[in-house]
Amino acid sequence: MGKERITGSEALLRSLINEGVDTIFGYPGGSIMPVFDALYDHRNDFRNVLVRHEQGAVHAAQGYARSSGKVGVSIVTSGPGATNTLTGISDAMLDSTPVVVIAGQVSTGVLGTDAFQEIDFVGITQPITKWSYQIRRPEDIAWAVARAFYIAGSGRPGPVVLDFNKDAQVAMLDYEPAKVDCVRSYIPYPTPSRNAIEEAARLVNESQRPLLLVGQGVELGEAHEELKAFIEKADIPAARTLMGLSALPTDHPLCVGMLGMHGNYGPNFNTNECDLLIAVGMRFSDRVTGKLSTYAKQAKIVHIDIDHAEINKNVTVDVPIVGDCKEVLPLLTALVNKAEHKEWIESFARYNAIEHEKVTVKALNPGSGPLLMGEVARKVSEATANSAILVTDVGQNQMMSARYFKYTKPHSILTSGGLGTMGYGLPAAIGAKIAMPERTVCLFTGDGGMQMNIQELGTIMEQGTAVKIILLNNNYLGNVRQWQELFFNHRYSWTPMLNPDYALIAQGYGIPSRLVVERDELDDAIAEMLAAPGPFLLHVAVMEEANVMPMTPPGASVNEMIFE
Amino acid sequence: MDKKLFTIIIYTENIAGMLNQVTAEFTRRMMNIDTITASSSSVEGVHRYTISLWGEEDSVQKVTKRIEKKVDVLKADYYTDNEIFFQEVALYKLSTPVMLENSEVSRTIRHNNARVMEVNPTYTVVEVTGSTDDILRLYDEFVAQNCMLQFVKSGRVAVPRSAQEVLGEYLFNEDYKRKPVKDVE
Ligand SMILES: Cc1ncc(C[n+]2csc(CCOP(=O)(O)OP(=O)(O)O)c2C)c(N)n1
Ligand SMILES: [Mg+2]
């Protein structure tokens, strides 16, 4: 292909087009102005989403990436623009979300001089990215962009930063498109060991009480069908982590619920009863394991993960299989016997029935009293035929919506699991709706988290993004209040919160809203929200001092959940 | 668990910012690096880091895996002392007038196979290669002899006892033969 003489900024945009990028979440500023100037000529090539804060740009790119499987892109300026992205980048790192953040940087000649809006962005972001690189020469642009997308999206995905010096943005170069599909020091898809797979199959075939743990890796690896084929053949009950909730439909006969601190009693209890634990694409986070020294000690453990560094990190395992679950699961399926574990599977239902009686019935059908988060979540889920994308913020709203939503389709839960970032929800929901316009996107957020990135209502207004916002307002930083109630002697230090008039705020942004206080209005309000053609704020006044239950208290074992 | 001395050998692409990425994994766990040596390796374009530190095997293993996981790191392994050959280099700057007064100093130099690099009326520079213990013992002797002006010791360099080049797998790997990371600047 012939070379063409263009500016570095133009080369950046052509390289993005080359990677199939058609949507950019960004915010301009001094040292990225040449790129935004070039974007002006590409108005038809990209959907430019002007966010209202750079943190929003990254969370929106994350929502875009996680709902669609594509790499999300943000472009911001240097200095404060760049530092504002750090929370989003960290969130993407912990939750393995493929995003490429391109930040302006001062010219190479003044690097290290405390030039206006200069910060060491590569230095700051190295520990929170898969790769962080400064583009200093125009001839490196095509290669750096290609490498960035390859690294962000391959293997265990993650964030990549490109720090783009202003002189390279304006310099001229002979542009040639580049492609990167190999980095010699990087093995994104390790070849699984045949021996390990055989050994794992032997353990499965010997097991009387196997339990499979489904993590987000199954979603990232698009291994939904492979997972089903495996558990159906060997008749293995499967529990999902928070991040993996939509990797297996809620109503699948072998789905036994959610793991974790606020997960279901059956899978948590039976983690310490099973004789074989098969973890797929999950990382044994402390929110899942509870007290490590008592975690699944009786069981043999098989761990399938694409990331070698996850093996034996938190839990020492008997058979590690390092590889892509989409490749490993079918190999395993071929080697396992068709089996039946009827009684064992029923035992999950028995424990879940205890939870149902002690917690769920009351959470879903309280009868009287203030509205509860759980009933709202279940009603919204059902009103969308359980096919919406659930985006959550962080806190009680997150746990309750994740617990009571039902999942029928892949890529249907977007939540900040690893970093637990309040303020994630609203921008992530925007990104998700923009990526998947044909799907209903329901954001559940708290009154605290709503206000952490409330400025993104401006983005919704401008883009006309049809996000359905369900604000579960308890006038508290509820999750923290719950801990204060249970573990700090009811001392509600800094958790009661005076709230603004959300109807006025929504009105200010031209977003229709409705406040629901009474139970008998809820169905109608949900219907109104879903029928609205555009965005809608459903402001639900929920019980102020309600707790998320059941719970594995901090320091307790997975089989020691409490119910009140 | 007991703390032991470990040596971590790391091969990386030769690019700016690599050292930071490697050491950040230690910073994060507040693990204190004892010595670090960075230089080119026997393979063109590949940098080699030798890091020694005291730690528990479990955390050394985890940190090594995390380092190997970095995109531009080719290989990272950890060893105990019985699995490697290792050396350090030390330079001692000694007072020439004291040496002339006290013949013990010259004897110490000879006994320890130290090499004299420079002699002038003010000072004498001698070099020793050996283990940390040898080097520090000699340091103590010179201090006792009152002739020590300056002292510096390198980090450790090490090669594994196994015959095969650690990078071997990579060198014969198809991917490796493809281009090294773009040479920038
Ligand atoms: C950025 C950030 N700051 C603080 C916290 C700690 N935190 C976790 S949940 C929570 C309370 C959330 O309150 P709200 O958004 O009202 O949700 P609720 O729990 O009441 O549903 C806080 C402060 C956090 N996770 N993220
Ligand atoms: Mg609240």
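Two strands pair if DSSP finds at least two bridges between them. In this predicted model, strands β19 and β20 (residues 536-541) of chain A pair in the parallel sense, with 4 bridges between them.

- Six strands of chain A form an open sheet with parallel pairing, in the order β16-β15-β17-β18-β20-β19.
- The edges are taken by β16 (413-414) and β19 (513-516) of chain A; each has a single partner strand, so one side of each has no neighbour in the sheet.
- Across from A:V516 stands A:V540, a residue of β20(A).
- In general, strands of a sheet pair through backbone hydrogen bonds, in either a parallel or an antiparallel sense.

**The magnesium ion (ligand 2)**

- Three residues supply its protein donors: A:D447 through OD, A:N474 through OD1 and A:Y476 through O.
- These donors lie 2.0 to 2.1 Å from the magnesium ion.
- Along the sequence, the donor residues follow the spacing D-x26-N-x1-Y.
- A:N474 has a relative accessible area of 2%, and A:Y476 has 9%. Buried means under 20%, so A:N474 counts as buried, and so does A:Y476.

**Ligand 1**

- The shell around ligand 1 has 18 residues, and the closest are A:Q396, A:G420, A:D447, A:G449 and A:G478.
- By class, this shell consists of 7 nonpolar, 10 polar and 1 charged residues.
- A:D447, a donor residue of the magnesium ion, also has a polar side-chain atom 2.8 Å from an oxygen atom of ligand 1.
- A:N474, another of the magnesium donors, places an N or O atom of its side chain 2.9 Å from an oxygen atom of ligand 1.
- At A:G448 the backbone is involved: one of its N or O atoms lies 2.9 Å from an oxygen atom of ligand 1.
- On its own, ligand 1 has 580 Å² of accessible area, and the protein covers 77% of it.
- Three elements of chain A give two or more residues to the shell: α17 (396-404), α19 (447-450) and α21 (478-487).

**A:R403 in helix α17**

- Helix α17 of chain A, which contributes to the shell around ligand 1, also contains A:R403.
- The relative accessible area of A:R403 is 12%, so this residue is buried.
- The side chains of A:R403 and A:Y404 are joined by a polar contact of 3.2 Å.

Conventions. Residues are numbered from 1 along each chain as its sequence is written. Chains are lettered from A and ligands numbered from 1 in the order in which they are written. This is a predicted model: local features need pLDDT of at least 70, side-chain atom pairs count only at pLDDT 80 or more; totals for chains, interfaces and linings use all residues. Side-chain values use heavy atoms; hydrogens and water are left out. Donors are N, O and S atoms within 2.8 Å of the metal (3.2 Å for Na, K and Ca); water is not among the atoms, so sites may look incomplete. Buried means under 20% relative accessible area, exposed over 50%, partly exposed in between (1.4 Å probe, protein chains only). A residue is near a molecule or strand if one of its heavy atoms lies within 4 Å of it. A polar contact is a pair of N or O atoms within 3.5 Å; within protein, one must be able to donate a hydrogen and the other to accept it, and residues adjacent in sequence count only if both atoms are side-chain atoms. Accessible areas come from the Shrake-Rupley method with a 1.4 Å probe; for residues, only the protein chains shown count as cover. Ala, Val, Leu, Ile, Met, Phe, Trp, Tyr, Cys and Pro count as nonpolar, Asp, Glu, Lys and Arg as charged, and the others, Gly among them, as polar.
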